Amino acid sequence: MTAKEPFNLKFLSKTDITGSASTFNIDNIFTTEFNTYRIVFSGMTSNVICFGNVRLIDSSGNVKSDTKYDHAELTMKENGSFGNQKGSFGTSWQEVVGDPEVAPQGSVSHMDIFDPMNSGAFTFAKVRSNHSQGTAVLRTFASAYVYRLAEAHRGIQLFDTLSNNFVGGRISVFGYIS
């Protein structure tokens, strides 16, 4: 059995990163019209090591930084062994956008967030990310995430844990019914 890609994506919004900042709020992107959202982080670049983590924004506009974020990740490196890691009680979903250090190699990720507006269920997500980590060596990540509090969310915050800046890229949001 193979995973099916959504064929009924509806483009909702895009945010171009043209300046230099370590935090971006992509707010008011989730509605009850769709139950799944694909967020594509493309051409993400920085001048120094930068790790793009994600936090949810609740229905009142508050960025959720409590310890309810869990993740599991498979790491596949072209120049090394495969590995995995997992974590519980984090304050964000880690490395949704892999280290996009040194343009033009950059980073691309796509994140599917499931039922973020459902106030009666946890919010789940999955990510596929490719980046170069400052060299021509490809690194690929496959991750699964859960936010362990049943509440509605209306957006996300992308931020760097080291307070370093993203200097380029695009964040595109699509909705679909899964």
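Trainee: Is E95 buried, partly exposed or exposed?
Mentor: E95 is partly exposed, at 21% relative accessible area. Buried means under 20%, exposed over 50%, and partly exposed in between, with a 1.4 Å probe and protein chains only.

Trainee: What kind of model is this, and how are residues numbered?
Mentor: This is a predicted model, in which local features need pLDDT of at least 70 and side-chain atom pairs count only at pLDDT 80 or more, while totals for chains, interfaces and linings use all residues. Residues are numbered from 1 along each chain as its sequence is written, and side-chain values use heavy atoms, with hydrogens and water left out.

Trainee: Back to E95. Where does it lie?
Mentor: E95 lies in strand β7. Strands are DSSP runs of E with at least two residues, helices are runs of H or I with at least four, and both are numbered from the N terminus. E95 also has a positive phi of about 45°, although it is not a glycine.

Trainee: What about N28, what is its phi?
Mentor: The phi of N28 is positive too, about 55°, and N28 is not a glycine. N28 sits in the loop between β2 and β3. Its relative accessibility is 55%, so N28 counts as exposed.

Trainee: How many helices and strands does the protein chain have?
Mentor: The protein chain has zero helices and twelve strands. Of its 178 residues, 44% count as buried.

Trainee: Which strands form the open sheet, and in what order?
Mentor: The order is β2-β11-β4-β7, four strands with antiparallel pairing. Two strands pair if DSSP finds at least two bridges between them. β2 and β7 (93-97) stand at the edges with a single partner strand each, so one side of each has no neighbour in the sheet. On average, neighbouring strands of this sheet are turned by 35° against each other, direction ignored. For that, axes are lines fitted to C-alpha atoms (for helices, over the stretch in contact), and angles run from 0 to 180 degrees between N-to-C directions.

Trainee: How many bridges join β2 to β11?
Mentor: Four, and β2 (residues 23-26) runs antiparallel to β11. I26 stands opposite I156 in β11. On the β4 side, seven antiparallel bridges pair β4 (residues 52-58) with β11. D58 has H153 as its bridge partner in β11, and R55 has Q157.

Trainee: Is β11 mostly covered or mostly uncovered?
Mentor: Strand β11 (residues 153-160) is mostly covered, with seven of its eight residues buried. I156 belongs to β11, and I156 is buried at 0% relative accessible area.

Trainee: What does I156 touch?
Mentor: Not counting residues up to four places away in sequence, I156 touches several residues, including F24, I26, F41, V54 and I113. A contact here means heavy atoms within 4.5 Å. R55 is 101 residues from I156 along the chain, yet their C-alpha atoms are separated by 5.6 Å.

Trainee: Which residues have the most contacts inside the largest nonpolar core?
Mentor: They are I39, F41, W93, M111, I156 and L158, in a core of 28 residues. Such a core is a set of buried Ala, Val, Leu, Ile, Met, Phe, Trp, Tyr and Cys residues joined through side-chain atoms within 4.5 Å. Strand β3 (residues 36-46) gives the largest share of this core, four residues. Leaving aside neighbours within four places in sequence, M111 is in contact with residues including I39, F41, W93 and Y145.

Trainee: New topic. Is S109 buried or exposed?
Mentor: S109 is buried, with a relative accessible area of 2%. Its place is in strand β8 (residues 107-114).

Trainee: What does the side chain of S109 reach at 2.8 Å?
Mentor: The backbone oxygen of V96. The side chain of S109 also makes a polar contact with the side chain of S129, at 2.9 Å. A polar contact is a pair of N or O atoms within 3.5 Å; within protein, one must be able to donate a hydrogen and the other to accept it, and residues adjacent in sequence count only if both atoms are side-chain atoms.
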